[in-house]
Amino acid sequence: MKKLLLLTLFCLPLLSMSTGIEKTASVYICTGPKATVYHASKKCRGLNRCSGEVKEISLADAKEMKRRACKICY
C-alpha cells in the first residue's frame, strides 16, 4: 500500500508538467494567403512552397488562428 501511495505521489507532478508544455511550445507557420497549417520544424518540407515568410509562434496562437497540424511533420 505504501509503495502505491509513493508511486502516485511521484507520478502526479509528472502528469501535470506534460500539460504545461503544450502552452509554451513553439511552432512554425507560413504567412502566405493560402496557408492553413502549423509545423513542428522550420525545416519541414511542407514549408518549401511558402509564398510568405515563415514565422515562429506559440502552439496556442496557431490553434487560435484555426490552423491544423501538418501531416508531414506531425
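This is a predicted model: local features need pLDDT of at least 70, side-chain atom pairs count only at pLDDT 80 or more; totals for chains, interfaces and linings use all residues.

Reader: Fine. How many residues of strand 1 are buried?

Author: Strand 1 is mostly covered, with 4 of its 5 residues buried.

Reader: And over the whole chain, what share of residues is buried?

Author: Of the 74 residues in the protein chain, 20% are buried.

Reader: Back up a step. In what order do the elements run?

Author: From the N terminus, the order is α-β-β-β-α-β. That comes from 2 helices and 4 strands.

Reader: Which way do strand 1 and strand 3 pair, parallel or antiparallel?

Author: Antiparallel, over 5 bridges. Ser26 stands opposite Ser58 in strand 3.

Reader: How many bridges join strand 1 to strand 2?

Author: There are 2 bridges, and those strands run antiparallel. A hairpin through 6 residues links strand 1 to strand 2. Tyr28 has His39 in strand 2 as its bridge partner.

Reader: His39, then. Buried or exposed?

Author: Buried. His39 has 3% relative accessibility.

Reader: What does His39 touch?

Author: Leaving out neighbours within four places in sequence, His39 contacts Val27, Tyr28, Cys44, Gly46, Leu47, Cys70, Cys73 and Tyr74.

Reader: Some cysteines in there. How many disulfides?

Author: The count is 1 disulfide. It joins Cys30 to Cys50, with S to S at 2.0 Å.

Reader: Which hand?

Author: The disulfide of Cys30 and Cys50 is right-handed, because the torsion about its S-S bond is about 90 degrees.

Reader: Which parts does that pair tie together?

Author: Cys30 lies in strand 1, and Cys50 sits in the loop between strand 2 and strand 3, so the link ties parts 20 residues apart in sequence. Cys30 is buried, at 9% relative accessible area.

Reader: Switching to the core. Which residues make up the largest nonpolar one?

Author: There are 6 residues: Val27, Ile29, Tyr38, Ile57, Leu59 and Ala62. Strand 1 and helix 2 are the elements that give two or more residues to this core.

Reader: Tell me about Tyr38. How buried is it?

Author: Tyr38 has a relative accessible area of 8%, so it counts as buried.

Reader: What does Tyr38 touch?

Author: Not counting residues up to four places away in sequence, its contacts include Val27, Ile29, Leu59 and Ala62. Lys63, Arg67, Arg68 and Tyr74 are also among them.

Reader: How many aromatic pairs in the whole structure?

Author: The search finds 1 aromatic pair. Tyr38 and Tyr74 form it, edge-to-face, at 5.6 Å centre to centre with 75 degrees between the planes.

Reader: How far apart in sequence are the parts it ties together?

Author: They are 36 residues apart, because Tyr38 lies in strand 2 and Tyr74 in the segment after strand 4.

Reader: Backbone next. What's up with phi of Lys66?

Author: Phi of Lys66 is near 65 degrees, a positive value in a residue other than glycine.

Reader: Where does Lys66 lie?

Author: In the loop between helix 2 and strand 4. Lys66 counts as exposed, at 73% relative accessibility.

Reader: Last one. How much accessible surface does the chain have?

Author: About 6100 Å², of which 60% belongs to carbon and sulfur atoms.

Key:
Residues are numbered from 1 along each chain as its sequence is written. Side-chain values use heavy atoms; hydrogens and water are left out. A nonpolar core is a set of buried Ala, Val, Leu, Ile, Met, Phe, Trp, Tyr and Cys residues joined through side-chain atoms within 4.5 Å. Buried means under 20% relative accessible area, exposed over 50%, partly exposed in between (1.4 Å probe, protein chains only). Contact means heavy atoms within 4.5 Å. Rings of Phe, Tyr and Trp (its six-membered ring) pair if their centres lie within 6.5 Å; planes under 30 degrees apart count as stacked, over 60 as edge-to-face and the rest as tilted. A disulfide is a pair of cysteine sulfur atoms within 2.5 Å. Accessible areas come from the Shrake-Rupley method with a 1.4 Å probe; for residues, only the protein chains shown count as cover. Two strands pair if DSSP finds at least two bridges between them.
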